[in-house]
Amino acid sequence: MTLPLPIVGETNPKLRAAGAYLQHAATEAVTNFPNAFPPQRTEVPQPMDANDRKQIMGFFTDTTLCIGCKACEVACKQWNQLPADGNNFTGHSYDNTGHVSATTWRHVAFKEKMAEETQDGVSTSRWLMMSDVCKHCESAPCQHACPTGAIIYNQFGDVYVQNDICNGCGYCVVACPFGVIGRADTPHDDGHAHKCTLCMDRQEDGLTPACAKSCPTASIQFGPIDDLRAAARQREKDLHGRGNDKAYLYGCDSVGDYGPLNAFFVLEDHPNEYNLPVNPPQPFKGQTKRYLAGLAVGAALTAVGALLFGDTKRGGRRG
Amino acid sequence: MPGLGASFGRGAATNYTQDLANSDCILIMGSNMAEAHPVGFRWPMKAREKGATLIHVDPRFSRTSASCNMHVGIRTGTDIAFLGGLINYVLTQEKWFKDFVLPFTNASTIIAEGFEDTEDLEGIFSGYDKHGHKYDSGGGRWMYEGSPADAETKDDSRGERHPPKQGPGGIGSQNSGEREDGDASGEGGHGLQGGASAHKSKRSASTCHNPNKDETLQHPRCVMQLLRKHFARYTPQMVADVTGCKPEELIRVAELLIANSGRERTSAIVYAVGWTQHSTGPQIIRAAGILQQLLGNVGRPGGMIMAMRGHCSIQGSTDIPTLYDLLPGYLPQPSADKNHDTLDSYVEYEGLPTGYWANTKKFIVSLLKAYYGNAATKENDYRFKWLPHIDGDHSLMPFFKRMTEGEVEGYFIFGQNPAAGAPNSGMHRAGLRQLKWLVVADWFETETATFWKNDPKGPKPHEIGTEVFFIPAASIAAKEGTFTNTQRLIQWHDKAVDPDGDSRSDLWFLWNLGRRLKAMYAGSEKPQDQAIQHLTWDYAYDEHPRLPDGSLSTVADEPDAEKVLQEINGYFTNQNAPERPEKPKLLSGFAECADDGSTACGGWIYSGIYPNYDRNRARERKTGVNPLHPDWAYAWPNNRRVLYNRASADADGKPWSERKKLIWWDETAGKWVGYDEPDFEPTKAPSYRPPEGARGMAAIAGDKPFILKPDGQSGLFSPDMKDGPLPTHYEPAESPVPNLIYPLQNDSPGVRYFEGPMNLIDHVPSQEHPIVACTFRVTEHYLSGPMSRFNSWLNELMPAMFVEISPELAAEKSIDHGGWMTVKSARGTIEARAMVTRRMRPLKHGDRTVHQIGIPFHWSFAGESVGDTANDLVAMSAEPNVSIQEDKSFAVDVWAGRTHASNQTPTQPYTRWPTTMRSPGSPKSAQPEGQMQRRKDDE
């Protein structure tokens with residue numbers, strides 16, 4: 001594979017030599033480190049046999065059953081030995097951990113929707129609660145973005161950060177459309193990216209992930225992904241049949257460019273209420289077009305600059 | 001819980017928690033079940049998924065409200081008004097369950113002539129002594145017409161006798177649920193069933209098995225007519241004015257309950273300390289009992305009153321009590337003030353000629369044999385005199401009051417935190433400062449252990465003379481023993497690991513303390529030391545104990561908890577066990593207890609839990625097809641899971657419906673059959689009628705399910721309460737508004753107030769404290785925080801003391817969301833962060849707007865997350881039946897800003913733990929759960 005020669009020093013031999021070197025280096029870099037430039041999907045050997053869908057495990061979080069007890073948060077921190085984030089009173093309803101982060105892999109969101117009006121003498125007030133977690137996307141942008149190949153799909157089909165390979169570059173952090181993955185950045189920490197492992201170590205021992213195990217109301221369910229998807233579709237149908245028209249099946253199927261999630265949700269209301277993107281952007285879709293457009297704009301600007309300034313200089317010398 | 005005892009006979013939750021999944025409608029009131037009992041809440045959620053309607057009636061919109069189909073906001077302390085409104089609606093709409101009410105309740109019983117209702121006397125019942133602030137139910141003629149007490153008071157020949165306890169209990173427990181921190185016991189409240197009675201005639205004499213009745217329910221003094229008259233004022237509009245809900249909300253709740261009761265459907269009521277911790281607490285539970293009787297929701301699958309306990313094993317702490325006035329199995333502690341000089345006079349005085357308590361002598365003799373072994377013989381009265389005789393009220397609040405007066409020298413505290421968890425905890429800390437010595441056994445240095453150095457409101461450490469000994473206690477995983485939960489289920493837990501460092505189990509501490517005391521008194525010849533010398537105290541392991549992994553325990557002198565349970569179960573003193581010839585034979589149930597010294601039994605109601613040395617039934621964990629799972633641990637009495645389950649069949653013994661069947665009469669077999677152990681004589685036919693002059697159980701007819709009541713019928717009207725036979729709405733002791741229902745009687749008659757400079761109470765609506773406050777709980781913390789505020793994983797979830805207020809109140813007082821605010825009551829002042837939320841809303845009281853605030857009681861000055869103590873605001877007052885304090889309703893004022901005194905720092909600095917993020921993944925099977933899995937795989 002050879003990259004096109006950059007538009008530098010067509011005439012000057014020194015520049016031409018430098019250009020040739022750059023061409024060689026870039027080609028080398030792209031060949032040896034395929035994700036470095038321009039970013040593209042890493043071809044990482046997948047431990048899982050992609051055809052064996054029975055092995056793919058995931059979460060189905062049913063927020064209509066969530067009572068906001070946060071047992072999942074504590075169980076997750078205990079099993080994974082994650083540090084506490086400190087005593088910060090946010091005043092944001094009962095949510096004091098704020099968001100999913102490198103040290104908080106399960107997070108319960110609280111949304112107060114209090115209404116004055118009543119319906120048949122019943123107040124329509126609601127307090128929405130939702131246990132959020134890494135979505136374990138079937139086509140995960142963080143995994144695309146990872147330049148070192150640290151992020152893989154493990155044998156259970158879940159997105160997993162190999163901590164010894166992660167170099168802490170943080171590309172995955174900006175790539176995730178859900179803001180799930182984070183870098184442990186305090187001076188005590190390793191500076192690497194961390195997120196939910198779907199309790200890979202527990203799964204290897206045949207155990208249910210800690211959060212699902214601790215959930216008292218079975219709001220968090222764990223199992224083979226196809227079974228869960230069937231259960232979730234049925235659940236959505238049941239809820240609609242019961243008159244809960246707003247019930248929303250989130251992430252069970254592809255939306256636009258974005259593939260299905262292996263940790264998906266039945267929401268009690270529209271995803272916007274939970275700060276979830278309705279159409280999560282897939283950062284690498286249209287990437288080539290955007291790069292080409294960028295190059296074209298660069299070239300055009302160079303040309304414009306050359307026209308504006310180059311001519312004047314030359315003209316000046318003549319003059 | 002005398003509220004339940006007076007209605008049904010036993011003061012325990014009627015069904016098991018899992019049974020909530022079988023309900024068609026669940027009214028949760030006085031309970032924040034989703035937050036305080038999140039694991040138990042899975043059953044209401046299951047019911048909701050099956051189509052049941054969940055209703056939450058509560059001052060606050062909490063996480064429980066969010067999970068229910070409907071929330072109704074009421075002002076705290078107005079529960080009786082709301083329930084009264086429901087009762088009134090059911091009666092006026094004639095929706096009560098006639099086939100259930102007529103045979104099973106005392107609706108047709110006629111009350112003695114001369115009884116006067118609150119309707120006649122504008123807010124009080126007859127028999128009230130205005131100067132003594134208490135009722136005389138005999139003088140008030142609250143008894144059944146035709147009962148012995150009726151005859152006596154007619155002749156006015158009653159003498160001064162002991163206050164009776166209601167019902168032949170034994171199978172009853174009482175007020176444990178009320179006591180969040182295991183505190184607040186009280187005078188007289190701890191009788192059998194807790195059904196303390198105000199009248200002075202003999203026990204149960206105010207009721208009898210054959211009172212005068214009017215089956216047509218037309219007699220003006222029959223219970224049904226009294227009930228209609230008493231609740232006539234509780235119209236939807238009146239209820240709305242008092243409670244602040246809307247009239248249509250009340251009607252909607254009533255319609256839902258009615259629609260989900262009857263033959264085919266059942267409704268449940270769930271309550272917790274949101275009901276009990278009121279000056280009218282037991283009467284609120286009575287009101288719920290009346291409603292459930294009228295709707296026929298007792299003793300049936302999904303039809304129940306579920307009492308959620310405030311603390312782990314609270315039920316156990318009254319069964320085998322830690323109370324000053326009870327012996328194990330609800331036998332009264334001998335008293336110096338009563339005729340308890342000899343065993344025989346005690347038995348004559350406390351026993352009953354009929355029912356279970358006819359066996360009182362068997363139980364007390366077996367207990368004495370268990371205590372004193374061979375030293376107790378028939379000749380020496382089984383050493384009855386060695387039992388300490390109480391000489392006054394030594395319950396928590398009066399005791400601490402005496403402590404503040406310097407009358408107490410030393411104190412042991414296990415697993416309790418009065419310095420932050422008791423009502424008016426500032427006064428409790430003042431009491432602790434007067435002690436000479438204090439021993440605190442706990443996991444962490446709680447407020448009670450550090451009050452001498454860390455109390456921001458207390459004096460300097462050098463001004464305090466108390467010597468405090470802190471004993472590190474073993475955690476739950478490092479000791480073995482039992483828990484008795486709200487459904488009377490006794491579950492054994494094994495020891496998984498040895499305790500850390502010098503930590504020891506409470507059992508280790510007490511056993512070794514006893515051994516040292518015995519050694520100290522060994523040579524004494526004083527008669528008062530003989531009890532300690534002869535106390536049976538041989539609980540040492542036969543061989544050194546091993547941990548589950550097979551290694552030897554590193555703890556020396558740990559007693560064998562199973563030996564303690566065996567002694568509680570009881571044994572024959574004259575027979576050896578076939579399976580262990582060197583040991584005495586164990587009893588197979590309390591029916592084997594004898595009064596001739598041939599049996600020893602440490603807690604007769606648990607008897608049968610250890611029927612032989614190879615079978616600890618509390619340790620069994622078998623599940624099967626039976627939905628009641630009778631082989632999962634052991635429920636007392638006699639492994640019955642649903643109390644009064646005779647009521648699950650109609651008067652003829654047939655199930656009310658196929659859908660709601662539990663036990664029924666099998667005519668061919670001649671016995672009661674079904675899923676549960678019958679809570680009834682197993683072969684007594686529904687058609688059985690007692691012969692003239694029958695005594696004991698023979699006096700209970702075959703269609704009377706409440707076998708602990710003398711008439712076998714549940715009590716719509718009950719003479720066994722100290723503050724009135726029917727529940728009546730009174731305002732809380734501290735209320736900024738007057739009583740709209742009975743303007744002449746504002747607060748509940750008979751409440752005791754421990755008033756003094758440290759415990760001031762605003763009796764009349766005051767301008768100084770115009771806001772209503774209640775305390776509450778969040779999932780993230782436990783009680784006053786000794787087990788949660790030292791854990792950074794829990795602290796980060798709920799990191800600071802806060803107060804929930806409505807936006808309207810915040811605007812009025814210029815309080816910022818998230819900013820500091822101050823709350824003041826007549827007892828104290830605290831500061832907190834303001835949580836301004838629409839979940840709190842101002843309520844209408846008549847034409848006036850009343851503001852309400854919610855204060856979590858989890859914070860205090862010790863630990864990693866510290867804050868001011870909510871219980872500093874609460875008054876010490878004692879409800880007349882059980883001496884419970886009024887935590888859930890008091891008057892305060894609020895303003896923006898901090899108090900000058902507060903500058904607290906955590907006693908345990910915040911530690912980031914684990915200190916660094918490491919690579920996830922633990923060694924395979926690092927935790928016991930994994931080991932179990934591996935073992936299963938190996939098999």
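**Close-up views of the predicted model**

**View 1. The contact between chain A and chain B.** In this predicted model, 48 residues of chain A are in contact with 54 residues of chain B (contact: C-beta atoms, placed from the backbone, within 7 Å). Helix H2 (71-80), strand E4 (122-123) and strand E5 (126-132) of chain A each give two or more residues to the side of chain A that touches chain B; helices (H or I, at least four residues) and strands (E, at least two) are DSSP runs, numbered from the N terminus. H2(A) gives the most to this side, with 6 residues. The residues on the side of chain A that touches chain B comprise 16 nonpolar, 20 polar and 12 charged (nonpolar: Ala, Val, Leu, Ile, Met, Phe, Trp, Tyr, Cys and Pro; charged: Asp, Glu, Lys and Arg; polar: the others, Gly among them). Residues are numbered from 1 along each chain as its sequence is written, and chains are lettered from A in the order in which they are written. Because the model is predicted, local features need pLDDT of at least 70 and side-chain atom pairs count only at pLDDT 80 or more, whereas totals for chains, interfaces and linings use all residues.

**View 2. The open sheet of chain B.** Five strands in the order E3-E2-E1-E6-E7 form an open sheet with parallel pairing in chain B (pairing: at least two DSSP bridges between two strands). Strand E3 (70-73) and strand E7 (304-307) of chain B each have a single partner strand, so one side of each is left without a neighbour in the sheet. Direction ignored, neighbouring strands of this sheet are turned by 15 degrees against each other on average. Strand E1 (residues 25-29) and strand E2 (residues 53-58) of chain B pair in the parallel sense over 5 bridges, and Leu27(B) stands opposite Ile55(B) in E2(B).

**View 3. The packing of helices H10 and H11 of chain B.** Helix H10 (residues 236-243) and helix H11 (residues 247-259) of chain B pack at an angle of about 115 degrees, with their axes 8 Å apart (axes: lines fitted to C-alpha atoms, for helices over the stretch in contact; angles: 0 to 180 degrees between N-to-C directions). Pro236(B), Gln237(B), Val239(B) and Ala240(B) in H10(B) meet Pro247(B), Leu250(B) and Ile251(B) in H11(B). The residues of this contact divide into 6 nonpolar, 1 polar and no charged.

**View 4. The surroundings of Leu86(B).** Not counting residues up to four places away in sequence, Leu86(B) touches Val253(B), Ala254(B), Leu257(B) and Leu291(B).

Definitions and conventions. Contact = placed C-beta atoms within 7 Å.
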